[in-house]
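Reader: I would like to learn how to read a model like this one. Please take me through it feature by feature.

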Amino acid sequence: MKKLRNWMCILFTLFTFASSSLVAHGAQYDEQSEDRTLAPYFVIKDADEAVDRFPLKDTTVKTNINGIIAETYVTQTYTNEGQNPINASYVFPASSNVTVHGLTITVGSQTVTAQIKEKEEAREEFEEAKSEGKSASLMEQQRPNVFTMDVANIMPGATAVIELHYTELIQPVDGIYEFVFPTVVGPRYINTQKTELTASQLEYRVKTYIAENGENTDEWAASPYLPEGELPEGTYNITVNLSTGVPITDLSCKSHKVNVISGGESAACVTLADSEDYAGNRDFILKYKLTGEELQSGLMLTEGEDENFFMLTVQPPQRYEPEDIPSREYIFVLDISGSMYGYPLDTAKSLIRNLVGNLVYRQDKTDTFNLILFSDEFYQLSPTSLPATAENIQSAVSLIDSLDGTGGTEMLPALTQALSIPMNQDTARSVVIITDGYICDEKEIFQLINENMENTNFFSFGIGTSVNSYLINGIATAGLGESFIVTDEEDAQVSSERFRTYISTPLLTDIRIEYDGFDVYDVEPAAPSTLFAQKPIVLFGKWKGNAEGAIKITGKTGSQDYVQEIPVTDAQICTDNSPLSLLWARSRLQRITDYGCSSDNPDIKEEVTRLGLTYNMMTPYTSFVAVIDTVVNPDGNADDVQQANPLPLGVSDLAVGGGYSAYSEPQDYILFAMTGLILLYVLRRRKSGTGSVNPTV
C-alpha cells in the first residue's frame with residue numbers, strides 16, 4: 001500500500017505539473033487571443049480528416065518578359081477534398097512594383113471575370129454572395145507587395161481555379177537585368193504596445209489608419225505558418241519566357257535549379273528543373289545580361305481613345321572619378337531579431353564586415369561610422385560616430401560576431417536613434433539598414449525617412465530568401481539611395497563591393513529634363529536631382545497634340561556639362577497603350593501612397609480610388625471581386641480555413657511569436673498521455689487485486 005501511495009503521489013505531481021503547464025499556456029493563449037489578429041502563429045494538422053485544412057493544391061506562374069515589360073499570370077487551384085464546404089483565406093506576395101489588373105475565377109465549367117470596385121463595396125458583395133451560398137472570390141491589397149485572397153463556398157470535391165494578371169517594369173542596374181518573383185510572405189512582427197513610439201509617430205499611425213478606412217489593416221499579419229522545415233502538400237511551378245530583341249547572355253538563377261530552352265539568341269524559356277524541390281518557400285530570382293545593342297535612351301509613344309502615354313528611358317553616362325570627395329559618415333543599422341537567427345544573421349554579419357572593412361581612414365578627410373543593433377531593444381556602438389581606423393572597425397566586428405538573433409523587430413526606435421546621433425555639417429551622412437524587413441510599420445519608417453532626407457541618404461540591404469521588398473525598396477526610394485538583396489555570403493561580398501562603388505562617385509548631378517515643342521503632362525515620377533547607380537532613369541507621362549519637338553536632358557558629370565537630346569519624331573507610335581497606361585498609373589500610385597509622403601492628405605483616398613477604378617487596378621482602396629451566380633451551398637454552412645504558408649527558407653521558428661493554432665496544442669497531448677498513464681496504472685492494480693481504492697487512505 002505504501003508503494004501504491006508513492007506511485008500515486010508521483011503521478012499526481014506529474015499530473016499537477018502538466019495541468020499547471022496547460023493552464024499557464026492556456027492563459028497565455030487567452031491573453032494572446034485579443035492580439036491574435038496582430039501575430040503570426042504555427043498551425044499543426046488536426047486529426048479530423050473531415051476538414052481539409054490545406055485546400056490550395058497548386059500554384060502555377062507564367063511570366064512573359066518582352067523588352068523591359070513583364071506580364072505575369074498566377075494561377076491558384078483550390079480543391080476541397082474534405083466532407084464539408086470550405087471558405088478559405090490565403091496571404092500571398094508579389095513584387096512591390098507590380099500593377100495587378102486582372103482576376104478570373106473558374107468553378108467547374110463556369111468562369112467569371114472579376115470586377116474592380118471600391119474596397120468596401122467589393123467586401124460587401126463578397127460577403128453577401130458567401131452568405132447566399134454562392135462561389136465567390138475577393139482579392140484585397142494589404143501592402144503593395146502583400147495581398148489576401150478569400151474564396152467562398154468550395155464544395156466537397158469541387159475545384160476552384162483563380163488566375164490573376166499583373167504587369168511590372170524590369171530595369172537593369174550596371175547592365176544586369178533581374179526578375180524577382182516572390183513566392184511567400186514572411187511572418188511580420190508588430191509591437192502591439194507601441195511604448196517606444198514618439199508622440200509624432202503615434203499621431204502619424206492614427207492618421208494612417210484613418211486614411212485607410214479607420215481599420216487595423218495589419219490583421220492579415222495573423223497568418224498561420226507551418227513549423228520550420230515543413231512544406232505544404234501542393235505543387236508550385238514557375239515558367240519565364242524571355243524575348244529581349246537583342247542577344248541574351250549570362251542567364252542564371254541562384255534561387256532555384258532551372259532548365260533553359262533557347263529560342264535563339266534573344267529568346268529563352270526558363271522552367272524549374274526539379275519538381276521534387278518545392279519552389280514556394282523563397283523568391284525566384286532570375287538574372288541576365290544583354291549583349292550587342294543594349295537598351296539605349298529612347299522614347300516609346302502610344303495613342304488611345306481618351307489618353308496618350310509615353311515612356312522615356314534615359315541611360316546615365318559612364319562613371320567618373322571626381323577630384324573632391326567629401327568626408328562621409330555611415331551609420332549601420334543591423335537587425336538581430338529572431339527572424340534573423342542562423343543563416344540570415346550569419347550572412348548579415350559577413351555583409352557588414354565587408355561594408356565596415358571597406359571604409360577609408362584618410363588624414364585629410366576621415367570616413368566615420370557607427371553601429372546600431374536592434375531586436376526588442378537597440379544597442380549602439382558609440383554615442384558619436386568613430387573614425388574608420390582599423391582598431392575601431394575591429395571593435396565593431398567583434399560586437400557583431402558576439403550576437404545571435406532573438407526577440408522582436410523594433411526597427412523604428414533604432415532608426416530614430418540613428419538619426420539622433422550628432423552630425424557634422426561638413427560630412428555626407430548615409431544610413432545603411434540591414435534587415436529581412438519582417439515588420440508591419442513600413443509607413444512609419446518611410447515617414448521618418450521623408451522627414452530626414454534633406455541631410456541623409458538611406459540605403460537598404462534585404463537579407464534572406466524572401467525579404468519584405470516593399471520595405472527594402474521603399475527605404476531606398478524614399479531615401480534617394482539604392483537597395484540591395486543578399487541571399488548568401490557570396491552575394492554579401494558582391495553587394496558590398498557594389499555599394500562601395502555606388503557611393504564613391506555620383507554619375508550625374510543637377511539633372512534637368514525639358515520638353516521642347518512636345519506637350520506633356522502628369523509626368524511620373526519626378527526626375528532625381530542626382531544619379532548614383534548605373535541604372536536608367538525611366539519616366540512615364542501623358543501627351544497631347546502632335547508627336548513633335550524634342551526632349552532635352554542636361555546635367556553635370558564632375559566638372560563637365562552633360563547634354564542628351566531625343567527627337568520625338570523618331571519614336572514610333574503604338575495603338576495599344578495598355579501596358580504604358582498601367583505602368584504610368586502604378587508610378588503615380590507609388591508616389592502618392594506607397595512611401596507615406598502624403599498619406600494624411602484627405603484627398604488621397606479619392607484620387608487613389610479613382611486611379612483604381614479608371615485603370616482597372618488593385619489599390620489600397622479598390623479590390624477585385626468575382627461571384628458565380630449559382631447557389632451551391634443553400635444553408636451557407638462552411639468551415640473557415642486559413643491557408644498556412646511555409647516559413648521562408650532559412651528562417652527559423654523564432655520568427656513566429658503567436659504560439660500554436662487552436663487545432664492542436666502540444667500541452668493537450670501531454671495532459672492526455674499522463675491521464676492515460678494514471679488510469680492504466682490504476683486499472684492494472686485493480687486487476688491484480690492489490691490496488692483497491694480505499695477512501696480512508
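**Backbone, helices and cores**

Author: Strands (E, at least two residues) and helices (H or I, at least four) are DSSP runs, numbered from the N terminus. This is a predicted model, in which local features need pLDDT of at least 70, side-chain atom pairs count only at pLDDT 80 or more, and totals for chains, interfaces and linings use all residues. Residues are numbered from 1 along each chain as its sequence is written, and side-chain values use heavy atoms, with hydrogens and water left out.

Reader: What is the phi of D522?

Author: Start with the general idea. Most residues other than glycine have a negative phi, and most peptide bonds are trans. In this model, D522 has a positive phi, near 50°. D522 is partly exposed, because its relative accessibility is 30%. The cut-offs are under 20% relative accessible area for buried and over 50% for exposed, with partly exposed in between (1.4 Å probe, protein chains only).

Reader: Which peptide bond is cis?

Author: The bond that joins E524 and P525 is cis, with omega about -15°. P525 sits in the loop between β28 (520–524) and β29 (530–531).

Reader: Where is N616, and what is its phi?

Author: N616 belongs to the loop between α11 (604–615) and β34 (622–631). Its phi is positive, about 55°, and N616 is not a glycine. N616 counts as partly exposed because its relative accessibility is 30%.

Reader: Now the overall picture. How many helices and strands does the protein have?

Author: The count is 12 helices and 35 strands. Of the 697 residues, 54% are buried. Next come contacts, meaning heavy atoms within 4.5 Å. Take those between residues at least 6 apart in sequence: 77% join residues at least 24 apart.

Reader: How do I read a helix pair? What is the angle between α4 and α5?

Author: Helix α4 (residues 343–357) and helix α5 (residues 390–401) pack at about 175°, with axes 10 Å apart. That makes the two helices α4 and α5 roughly antiparallel. Angles under 35 degrees count as roughly parallel, over 145 as roughly antiparallel, 65 to 115 as roughly perpendicular and the rest as oblique. The α4 side of the contact is K349, I352, R353, V356 and G357, and the α5 side is I393, V397, I400 and D401. By class, this contact of α4 with α5 has five nonpolar, one polar and three charged residues. Ala, Val, Leu, Ile, Met, Phe, Trp, Tyr, Cys and Pro count as nonpolar; Asp, Glu, Lys and Arg as charged; the others, Gly among them, as polar.

Reader: Are α6 and α7 parallel or antiparallel?

Author: The axes of helix α6 (residues 411–420) and α7 cross at roughly 10° and come within 10 Å. The pair α6 and α7 is therefore roughly parallel. From α6, M411, L412, L415, T416 and L419 meet E444, I445, L448, I449 and N452 of α7. An α-helix has 3.6 residues a turn, so residues three or four places apart point the same way.

Reader: Which residues of α7 meet α8?

Author: On α7 they are E442, K443, I445, F446, I449 and N450; they meet Y470, L471, G474, I475 and A478 in α8. The residues of this contact of α7 with α8 divide into seven nonpolar, two polar and two charged.

Reader: Is α8 mostly covered or uncovered?

Author: Helix α8 (residues 469–478) is mostly covered, with nine of its 10 residues buried. After α8 comes L480, with a positive phi near 55°.

Reader: Last, the cores. Which residues touch the most other members of the largest nonpolar core?

Author: In soluble globular proteins, nonpolar side chains tend to be buried together. A nonpolar core is a set of buried Ala, Val, Leu, Ile, Met, Phe, Trp, Tyr and Cys residues joined through side-chain atoms within 4.5 Å. Of the 71 residues in the largest core, Y78, V100, M139, F181 and F284 touch the most other members. Helix α10 (residues 578–594) gives the most to this core, with six residues. Apart from it lies another core of 34 residues, including I352, F369, A396 and I503.

Technical notes:
Axes are lines fitted to C-alpha atoms, for helices over the stretch in contact, and angles run from 0 to 180 degrees between N-to-C directions.
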